[in-house]
Amino acid sequence: MKRLLIIICLVLSAGFAMADTVTINHFVIKENPFAKNEIAVVAVDTANNVLENVNGVFSFTVNGFDDPLTFDKGTAFYRHKLDKSSFLYVKHVNDAGTHSILYYVYKSDDKLIPIHISWIWLLAIPIILIVLGYMFKRFIIIAAVIFCIFLYFNYHNGLSIPTFFESIIDGMKGLFK
């Protein structure tokens with residue numbers, strides 16, 4: 001009887017001892033208010049409210065490079081300076097799955113303006129150009145030139161072809177969740 005009572009007490013106390021795991025399922029990119037030409041990754045909920053209970057080191061991948069970010073009250077600072085406007089593909093993998101966002105960070109004077117780029121636009125622009133080129137035979141060369149400019153702009157600003165397709169695939173995976 002004593003053993004049964006001890007086992008029940010241990011099981012009940014083990015339930016209280018388990019730590020609540022914190023996961024980051026949504027995040028946004030903002031300008032770092034404390035450093036020039038740097039950005040901050042902010043853990044948010046679905047309503048874009050900052051999750052202040054997120055503290056600790058979390059593994060992120062920024063443009064293909066693994067970078068552990070230290071969060072304090074829901075905010076982590078990405079300590080790499082941005083010299084020019086560029087694309088940032090930020091990805092976080094946890095037990096709930098892969099969470100990734102593509103941003104175009106526009107640099108004007110001393111200010112960084114992050115613009116979220118939806119995977120739908122990445123897919124829609126080439127499809128629209130192909131459809132217009134198919135519908136209007138005279139537009140084929142113009143569509144090809146615009147498509148080449150689109151590819152050059154993306155590549156010149158740090159969006160490689162694999163990242164382009166990875167962003168579209170991750171966005172499509174989000175449809176089926």
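# Reading a predicted chain: fold, pocket and aromatic rings

Read along the sequence, the protein chain runs α-β-β-β-β-β-β-β-β-α-α-α.

User: How many helices and strands does the protein chain have, and how are they defined?
Analyst: Helices (H or I, at least four residues) and strands (E, at least two) are DSSP runs, numbered from the N terminus. Here the protein chain has 4 helices and 8 strands. This is a predicted model, in which local features need pLDDT of at least 70 and side-chain atom pairs count only at pLDDT 80 or more, while totals for chains, interfaces and linings use all residues. Residues are numbered from 1 along each chain as its sequence is written, and side-chain values use heavy atoms, with hydrogens and water left out.

User: What is a pocket, and what volume does the largest pocket have?
Analyst: On a 1 Å grid over the protein atoms alone, a pocket is an open set of points where a 1.4 Å probe fits, with protein on both sides within 12 Å along at least five of seven lines, and lining residues have an atom within 4 Å of a point. Grid points are joined across faces, edges and corners, and a volume is the space filled by probe spheres set on the points. The largest pocket has a volume of about 530 Å³, and of its 25 lining residues, H99, S100, I101, D170 and G171 are the closest to its centre.

User: Which element supplies the largest share of that lining?
Analyst: The largest share, 6 residues, comes from α4, while β1 (26-31), β7 (97-108), β8 (111-117) and α4 (161-175) each supply at least two residues.

User: What counts as an aromatic pair, and how are F164 and F165 arranged?
Analyst: Rings of Phe, Tyr and Trp (its six-membered ring) pair if their centres lie within 6.5 Å; planes under 30 degrees apart count as stacked, over 60 as edge-to-face and the rest as tilted. The structure holds 10 aromatic pairs; F164 and F165 form one that is edge-to-face, 5.4 Å centre to centre with 85 degrees between the planes. F27, F58, F60 and F71 form one aromatic cluster.
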